[in-house]
2 protein chains.
Amino acid sequence: MTASFIASRPLIDLAQSTRTAARNLAVLSTESKNHAIEAIAQAIETAAPDILAANAADCKAAEEAGIAKALYARLKLDETKLKGAIAGVRDVGKLPDPVGTIQINRELDQGLILKRVSCPLGVLGVIFEARPDAVVQISSLAIKSGNGVILKCGQEAVRSCEALVKAIRQGLAKTEVNPEVVQLLTTREETLALLQLDQYVDLIIPRGSNSFVRFVQENTRIPVLGHAEGICHLYIDQAAEIEKAIAITVDAKTQYPAACNAIETLLVNQEIAANFLPQVATALQERNVELRGDEQTCQIVDIAPATEADWATEYSDLILSIKIVDAVDEAIAHINTYGSRHTDAIVTEDQNAANIFIAQVDAAGVYHNCSTRFADGFRYGFGAEVGISTQKMPPRGPVGLEGLITYKYQITGDGHIAATYSGSNPKSFTHKDLG
Amino acid sequence: MTASFIASRPLIDLAQSTRTAARNLAVLSTESKNHAIEAIAQAIETAAPDILAANAADCKAAEEAGIAKALYARLKLDETKLKGAIAGVRDVGKLPDPVGTIQINRELDQGLILKRVSCPLGVLGVIFEARPDAVVQISSLAIKSGNGVILKCGQEAVRSCEALVKAIRQGLAKTEVNPEVVQLLTTREETLALLQLDQYVDLIIPRGSNSFVRFVQENTRIPVLGHAEGICHLYIDQAAEIEKAIAITVDAKTQYPAACNAIETLLVNQEIAANFLPQVATALQERNVELRGDEQTCQIVDIAPATEADWATEYSDLILSIKIVDAVDEAIAHINTYGSRHTDAIVTEDQNAANIFIAQVDAAGVYHNCSTRFADGFRYGFGAEVGISTQKMPPRGPVGLEGLITYKYQITGDGHIAATYSGSNPKSFTHKDLG
């Protein structure tokens with residue numbers, strides 16, 4: 001069940017129009033789609049003065065409203081950032097086309113051929129907050145993957161996003177792609193209405209706070225790509241090399257503490273706790289990390305005590321909880337209880353302990369002797385990242401263009417009927433995979 | 001949001017126990033799993049007299065309660081059917097192990113290796129009605145794919161299912177697989193509670209009526225594999241060969257009308273309607289199919305008029321609605337409006353019309369010159385079918401063991417940290433795919 005807000009008629013019309021336009025986009029050649037992507041890059045270049053002026057107006061209004069510093073930094077679009085966004089569009093043009101890949105090619109019987117072919121999902125609903133450059137990236141990824149996209153931007157970025165979408169649509173108007181494939185919504189009411197459009201929208205991608213993502217997950221029947229929480233763990237095994245362990249801990253916590261793939265809890269094997277903890281505590285405290293330990297940890301290093309709530313908290317900040325465990329099994333049990341199935345790592349020179357950890361930790365990413373911060377579509381070499389999923393079903397973990405794609409089964413016959421293969425004297429299928 | 005029933009404590013304990021047992025099953029070798037599957041087959045053979053006696057008691061009670069004939073036929077388990085089920089278990093043993101497949105093997109940088117490896121989902125919740133043999137098939141598929149399974153059977157089949165699960169668990173007790181991986185629930189209250197266990201159950205597979213599947217979809221946050229409706233279409237193009245068209249229509253409607261992949265609506269191009277319709281009507285009426293036509297159709301053949309509701313109805317019976325369309329575009333528009341995204345087919349000798357149909361019909365299966373009745377995991381050569389999905393995201397269409405599998409990203413490094421690859425002088429990733 002979902003919230004009771006009913007989409008207004010104009011929004012349904014807009015969604016239908018997007019769907020129709022997307023259906024034509026779905027069958028365009030790679031060349032046509034790449035041409036449209038280049039047209040977008042050029043149109044944004046041409047409209048740059050208007051876009052920057054619109055963004056300046058957004059920034060002024062946001063300042064007057066007393067917006068938080070971090071949010072302001074995301075909202076602000078200067079010439080350098082815009083150039084980066086345009087370069088990003090052209091990078092999407094260079095990605096391999098994910099549509100039309102033949103995943104299965106099988107003879108079922110003579111003249112009866114089954115193919116499984118990748119195809120676009122249809123229409124994406126992408127809801128994001130202050131970052132206007134997200135419009136540019138998402139629109140180009142949508143077109144590359146053959147999907148329509150209904151964007152909903154945060155209130156602070158409306159002028160910037162309107163200027164960007166105007167440019168994108170002007171660019172598309174010169175190509176085979178109908179500009180109706182890219183739409184922008186700007187009000188909160190439209191967000192609620194968008195979540196109800198399960199007849200027209202095939203995937204929702206929310207980009208925002210944990211609580212916002214959870215709200216979306218709980219208020220739509222449309223599949224949601226994303227994750228509410230990133231409670232990642234690092235376990236330092238008794239067979240860890242101390243230097244590696246300290247470097248990885250510092251990186252995983254401090255390299256970008258607001259990221260979902262930063263660690264929140266450090267688990268330390270009791271065998272090495274007395275040696276490792278004082279060293280890692282010093283390294284972390286030098287980088288202004290606030291430490292909170294379980295009882296055993298507090299007996300070794302002088303830090304604040306952790307409570308039960310700490311194990312279930314994503315700080316997204318320079319805070320780290322520390323717990324001493326008996327063995328790898330206890331570390332795994334802790335992670336599988338409190339983790340969010342995002343990314344968890346072990347530091348050890350004991351291959352057997354690493355194997356157990358990798359097999360038994362239930363997470364999208366399970367790492368050995370490296371930082372959890374590698375959990376990222378670009379770092380994985382996907383060329384793009386449309387989200388990180390912590391659900392169990394694929395797509396799981398960092399998701400590239402592959403996450404915007406589904407497939408169809410196609411069978412071609414010559415009058416073949418099922419009755420031939422059933423009854424008292426059934427013909428056998430050949431089930432022969434073709435090259 | 002979901003129904004407000006809260007799982008009772010014993011059920012949570014049971015689910016936790018299943019989960020723990022499944023975690024050990026997940027890492028067993030193919031040999032160990034196949035050995036467990038053979039042990040199940042043998043245990044059912046040994047317990048056959050008990051199982052058949054339990055089923056006889058179920059059947060007697062069902063008869064006394066005045067159960068419908070079709071349901072009784074599904075409930076009834078004679079020696080032949082049980083032998084077939086045991087043979088089915090051994091067939092599952094022969095399927096390739098879907099766990100442990102390396103889907104991506106990529107060097108991110110020297111000594112930093114990313115792998116994507118297939119792994120079990122965890123715990124399946126399978127809710128089915130009267131068919132006791134489903135217990136046998138599902139349990140063996142779950143074990144082959146490394147998953148625990150919580151089964152919920154229909155009220156009529158409780159004695160039979162209890163006897164089967166008892167045998168399965170006795171068989172497993174002699175192997176490396178903990179019998180706790182297979183559980184049986186028997187009450188309606190437990191069904192509701194099971195749907196709330198999103199912390200413990202990773203996938204729900206409902207097998208039952210359309211309305212039951214829809215109830216499940218609307219009352220759980222757990223992903224659901226299945227489909228509520230199968231409104232499949234056959235479009236006879238103007239360039240169709242009449243004989244093929246008639247044979248395919250008859251097969252798609254009458255070969256097994258209760259199947260979800262049987263057609264409900266026949267769309268006929270106006271150019272051939274006057275020639276084709278009288279012939280196909282005769283062929284269908286000879287097989288006792290009730291026909292309902294749109295206005296134009298009724299002018300050509302003397303059949304009952306169809307109403308708007310007919311286009312949106314899955315008859316699951318010997319009834320077929322018929323509509324005349326101008327061209328392939330109108331057929332596609334009708335299918336995309338009224339269809340359930342299951343399976344739709346075109347009959348034509350015009351490759352161009354076929355290409356348009358295959359590209360633009362939005363369904364899991366799009367067929368050319370063959371019956372929709374081929375939409376089936378066994379016919380596709382998957383060796384098993386765990387359900388047919390009409391959702392857009394993969395897995396879509398008939399789903400084999402692949403649907404019970406997900407993947408993990410594993411990275412192995414040697415102290416690698418993210419800071420090396422960012423900042424003012426970042427190292428580049430190599431992103432080299434390994435063999």
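Predicted model: local features only at pLDDT ≥ 70, side-chain atom pairs only at ≥ 80, totals over all residues.
Student: What order do the four strands of the open sheet in chain A take?
Tutor: The order is β5-β4-β3-β6, and the pairing is parallel.

Student: Which are the edge strands?
Tutor: They are β5 (182-185) and β6 (203-207) of chain A, each pairing on one side only. On average, neighbouring strands in this sheet are turned by 20° against each other, direction ignored.

Student: How many bridges join β3 and β4 of chain A?
Tutor: Five bridges, in the parallel sense, between residues 123-128 and residues 148-152. V126(A) in that pairing stands opposite L151(A).

Student: Which strands does helix α7 of chain A lie across?
Tutor: β3, β4 and β5 of chain A; α7 runs at about 165° to β5(A). Helix α9 of chain A lies across β3 and β6, at about 160° to β6(A).

Student: On to the interface. How many residues does the contact take from each chain?
Tutor: 77 from chain A and 77 from chain B. The two chains bury about 6,500 Å² between them, 53% of it on carbon and sulfur atoms. In chain A, M393(A), K408(A) and Y409(A) lose the most area to chain B.

Student: How many salt bridges are there between chain A and chain B?
Tutor: Twelve. One salt bridge joins the side chains of R19(B) and D362(A), at 3.3 Å, N to O. Strand β16 of chain A gives the largest share of chain A's side, twelve residues.

Note on methods: Residues numbered from 1 in each chain as written. Chains lettered and ligands numbered in written order. Heavy atoms only, no water. Pairing = 2+ DSSP bridges. Helix = DSSP H or I, 4+ residues; strand = E, 2+ residues; numbered from the N terminus. Axes fitted to C-alpha atoms, helices over the stretch in contact; angles between N-to-C directions. Contact = heavy atoms within 4.5 Å. Buried area = accessible area lost by both parts, 1.4 Å probe. Salt bridge = Lys/Arg side-chain N within 4 Å of Asp/Glu carboxyl O.
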